[in-house]
Amino acid sequence: MITRRTASVGLAGSAILAAAPSLAATGSTVLELPPPRSEGGKPLIQTLKLRRSIREYSDRPLPAQVLSDLLWTAFGINRPIGDRTAPYWRHIMVIDVYAAMADGVWLYEPKRQVLLPHLRADIRAQTGLQDFVANAPLNLVYVAHGERMQDISANDRRLYASVDTGFIGQNVYLFCASEGLATVFRGAVDYAKLNRTMQLGADQFVTFAQTVGHPRG
Ligand SMILES: Cc1cc2nc3c(=O)[nH]c(=O)nc-3n(C[C@H](O)[C@H](O)[C@H](O)COP(=O)(O)O)c2cc1C
């Protein structure tokens with residue numbers, strides 16, 4: 001179940017995100033995700049056999065539990081010390097994962113396993129140059145925080161941020177393969193426009209995006 005902490009609205013069911021009132025309507029500040037599952041999924045070799053990119057999506061929303069499991073798999077905390085499911089450059093968490101959905105853009109906050117509101121608009125269509133991005137229920141937008149990468153060149157910032165993102169993206173691919181979901185990692189993005197739309201800071205930049213949803217048909 002997702003709960004909206006400030007509005008105290010409890011929502012249940014597989015259409016949970018579609019049914020969620022807009023942020024503007026509730027004035028809520030945090031979407032609490034259900035705890036991620038601690039077991040399950042297909043064995044690794046079977047999962048690798050199923051991993052692929054898919055570009056045809058149903059507009060069916062993702063259930064809250066699936067969203068929680070997906071985000072944890074992507075870049076959640078897997079050790080008490082706070083380390084993550086994906087490796088990252090110099091032990092500095094450069095990448096933040098944003099979820100662009102019909103009801104707005106949310107920042108994944110793994111310590112509390114919540115989504116923090118970032119934008120109230122539906123910007124899915126602006127997360128990529130391919131038509132399916134507008135209707136798929138979820139586009140992950142990977143944002144690098146250059147300000148956390150001191151003493152290296154702009155090129156190196158881009159390099160390490162991209163590598164960090166690639167690991168997260170592969171986690172998402174494996175989760176989707178295991179769960180029968182569709183995904184595609186994407187570099188076909190109008191970056192200047194998306195950086196503006198996301199209202200990113202001067203040193204922040206989108207590295208890649210990744211669509212997730214149920215396969216169409
Ligand atoms: C860095 C990178 C950028 C990519 N950008 C796009 C993209 O913009 N649009 C797209 O449809 N697929 C994109 N892909 C997915 C590749 O096209 C896909 O992984 C490749 O064709 C192999 O297919 P498979 O993933 O089904 O094995 C990208 C993959 C990577 C690694």
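**Aromatic pairs and nonpolar cores**

F185 is partly exposed, with a relative accessible area of 24% (buried means under 20%, exposed over 50% and partly exposed in between, for a 1.4 Å probe and protein chains only). The model is predicted, so local features need pLDDT of at least 70 and side-chain atom pairs pLDDT 80 or more, whereas totals for chains, interfaces and linings use all residues. Residues are numbered from 1 along each chain as its sequence is written, and side-chain values use heavy atoms, without hydrogens and water.

F208 is likewise partly exposed, at 22%. There are 5 aromatic pairs (Phe, Tyr or six-membered Trp rings with centres within 6.5 Å; planes under 30 degrees apart are stacked, over 60 edge-to-face, the rest tilted). The ring centres of F185 and F208 are 4.8 Å apart and their planes stand at 35°, so this pair is tilted. Because F185 belongs to strand β8 (residues 182–186) and F208 to strand β9, the pair ties together parts 23 residues apart in sequence (strands are DSSP E runs of at least two residues, helices H or I runs of at least four, numbered from the N terminus). Ring pairs join Y142 to F185 and F208 in a cluster.

The largest nonpolar core holds 34 residues, of which L115 and L138 touch the most other members (a core is a set of buried Ala, Val, Leu, Ile, Met, Phe, Trp, Tyr and Cys residues joined through side-chain atoms within 4.5 Å). Elements supplying at least two residues each include β7 (138–145) and α5 (154–179); α4 gives the most, with 6 residues. Apart from this core lies another of 17 residues, among them V30 and Y98.
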